[in-house]
Amino acid sequence: MKASAVESSEISKGAPPRKGLIRGLSIMDFILRIVAAIATLGSALGMGTTRQTLPFSTQFVKFRAVFSDLPTFVFFVTSNSIVCGYLVLSLVLSFFHIVRSAAVKSKVLQVFLDTVMYGLLTTGASAATAIVYEAHYGNSNTNWFPFCRQYNRFCKQISGSLIGSFIAVVLFIILILMSAISISKH
């Protein structure tokens, strides 16, 4: 009988910190979602507004570079926009988890959706990175010359967009891990 009394007192002492840990993870989840939404929005806007025009030998002939000329960049903007919209909508569910930290089924759903959005964001950022690498360094085997020698401003802006997107990728990894920890504590 004494052993059960000791065990019950240990359980009651251990319960409040676990609930506090879950609530702290939920608050951190909410904050990281806001930061990731800002990063994906900035990446989509940065890439979506990228354009540069260079004059040729005359005023009438001009070369222009626009993000929409490359389908990979269009996919990048689309994937970042979809993920940003998801992050804004998921703030409601994340706030619900702060209020009701015992909701497990909705956390499992959120981890699943976060994983899908992580995959979408990663594919968009990776595909755009391959094109940006070719733009910066070219490929002598295929006679592709470095594009960024002429279009400096264009390349700086698309590179900056990639940085914001990869910040969001890292934040998604952290969000998924935190959600998994929160679910395992139940």
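Patches are built from residues with over 30% relative accessible area and no salt bridge, like charges being joined within 9 Å and nonpolar side chains (Val, Leu, Ile, Met, Phe, Trp, Tyr) within 5 Å. A salt bridge is a side-chain nitrogen of Lys or Arg within 4 Å of a carboxyl oxygen of Asp or Glu. Accessible areas follow the Shrake-Rupley method with a 1.4 Å probe, and for residues only the protein chains shown count as cover.

The model is predicted: local features need pLDDT of at least 70, side-chain atom pairs count only at pLDDT 80 or more, and totals for chains, interfaces and linings use all residues. Residues are numbered from 1 along each chain as its sequence is written, and side-chain values use heavy atoms, with hydrogens and water left out.

**Exercise 1.** Identify the residues that make the nonpolar surface patch, and classify the exposure of Ile27.

Step 1. Ile27, Met28, Ile31 and Val35 make a nonpolar patch of about 320 Å².

Step 2. Ile27 lies in helix α1 (helices are DSSP runs of H or I, at least four residues; strands are runs of E, at least two; numbering starts at the N terminus).

Step 3. Ile27 counts as partly exposed because its relative accessibility is 38% (buried is under 20%, exposed over 50%, partly exposed in between, with a 1.4 Å probe and protein chains only).

**Exercise 2.** Describe the overall pattern of the protein chain.

Step 1. The protein chain contains four helices and two strands.

Step 2. Their order along the sequence is α-β-β-α-α-α.

Step 3. Of its 186 residues, 36% count as buried.
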